[in-house]
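Biologist: I would like a close look at a single part of this model. Please keep to what can be computed from the atoms.

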Amino acid sequence: MIDITKKAQEYMTTITNGDNEIVKLALEGGGCSGFQYSWNIIEKDIIDEKSDEVMTFDNGGALVIDGMSLMYLLGSEISLESSIMGTKLIVTNPQVTSSCGCGESINIDTGAASCPKEEPVAYNADMFYDPS
């Protein structure tokens, strides 16, 4: 689950034209710590409905989470920070193990974030032996 504050929802709704645009969040490789958040405004018709996750807000807006990034963002909170330097969306992610000095890139323990592995299946070699 990803929590999004009301102020962040309002901001994402106002920066898009509600008819055909939507904000998309992805986690991409890059930066000095390994990963960085990528924020984009995309056309709604290019959403990958098979893998992307669409979070709809009560105010009519929405956020698309990149399907490949979703497991690395679970448990995060997205909030809005406004200061004299500008306004930005902030991701507070409990899976982050470290970040660079400027705060633009992060490191995530990808082993801890991945889906649980299935137990290996043991095969008996006799199962494959055909004496004929």
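Biologist: Leaving aside its neighbours within four places in sequence, which residues is K24 in contact with?

Modeller: This is a predicted model, in which local features need pLDDT of at least 70 and side-chain atom pairs count only at pLDDT 80 or more, while totals for chains, interfaces and linings use all residues. Residues are numbered from 1 along each chain as its sequence is written, and side-chain values use heavy atoms, with hydrogens and water left out.

Apart from neighbours within four places in sequence, K24 is in contact (heavy atoms within 4.5 Å) with S38, W39, N40, I42, D52, L63, V64 and D66. K24 lies in strand 2; strands (E, at least two residues) and helices (H or I, at least four) are DSSP runs, numbered from the N terminus. With a relative accessible area of 18%, K24 is buried, a term that means under 20%, with exposed over 50% and partly exposed in between (1.4 Å probe, protein chains only). The side chains of K24 and D52 are joined by a polar contact of 3.3 Å. Such a contact is a pair of N or O atoms within 3.5 Å; within protein, one must be able to donate a hydrogen and the other to accept it, and residues adjacent in sequence count only if both atoms are side-chain atoms.

L63, one of the partners of K24, also has contacts beyond four places in sequence with I4, M12, L25 and I78, among others. I4, M12, L25, L63 and I78 touch the most other members of the largest nonpolar core, which has 13 residues. A nonpolar core is a set of buried Ala, Val, Leu, Ile, Met, Phe, Trp, Tyr and Cys residues joined through side-chain atoms within 4.5 Å. Strand 2 (21-29) is among the elements that each supply at least two residues of this core.
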